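I opened a new notebook page for this one. Here is the structure, followed by what I looked up.

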Amino acid sequence: MSDDPTQVREFFGARAARWDSRFPDDGPAYAAAVAELGLRPGAAVLDAGCGTGRALPPLRAAVGPRGTVIGADLTPEMLAEAAKAGRDRSGALLLADVARLPLRDGALDAVFGAGLVSHLADPARGLRELARVTRPGGRLALFHPIGRAALAARHGRRLTDDDLRAEPNLRPLLAGSGWELTAYTDEDDRFLALAVRRTE
């Protein structure tokens, strides 16, 4: 699929209404990944490219009623499905491109991004923007409910060396964007890369 924002919006917009029914069993994997972010009550967290908002309830549970949860997505239809599912009760829904967020510098304690990096038109720029809005020492989780090999097989393709989420590619991409990779897991049933916002 193209990483052009307009085409990304069209791709996900056409699939939004059926998205959750296609992946009905992902909830526990999202909750487990959110738990690894180590969020504290009262923290501010962004679900970047939130889609139908499946991460919003566990993010809200982690930060509690005094915390801030924002779900940002490029696709209006995805945000509409998130609201329809009641996930807007767990966080504020924001129609925005994660490469140009209407948030102040250092506003967040953490960012959660499910299936995000491969859909960014300019991954380095997008990750720099996420670093901008995250305080030094804040955390980033890049997640997918299945690993790279399983996802490639699902799409009928093979893994290639230029896969952005391969550790040898992801580590320097993050480093050049203000992040330090601290943990990396790529198994059949989960992909999770954790990073910390570097102090400049």
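Predicted model: local features only at pLDDT ≥ 70, side-chain atom pairs only at ≥ 80, totals over all residues.

Is E129 buried or exposed? I found E129 buried, at 11% relative accessibility (buried means under 20% relative accessible area, exposed over 50%, partly exposed in between, with a 1.4 Å probe and protein chains only).

Residues are numbered from 1 along each chain as its sequence is written, and side-chain values use heavy atoms, leaving out hydrogens and water.

Entry: helix 5. I listed its buried residues within 123-132, and E129 and L130 are among them. They pack against several elements, including strand 1 and strand 4 (helices are DSSP runs of H or I, at least four residues; strands are runs of E, at least two; both are numbered from the N terminus).

Entry: salt bridges. I counted 9, taking a side-chain nitrogen of Lys or Arg within 4 Å of a carboxyl oxygen of Asp or Glu. E129 pairs with R132, with the closest N and O atoms 2.9 Å apart. The two sit 3 residues apart in helix 5, about one helical turn. R132 is partly exposed at 26%.

I also checked R135 and D109, which meet at 2.7 Å, N to O. That pair links strand 5 to strand 4, 26 residues apart.

Entry: L46. L46 lies in strand 1 and is buried at 0% relative accessibility. Its contacts (heavy atoms within 4.5 Å) include I70, F112 and L130, not counting residues up to four places away in sequence.
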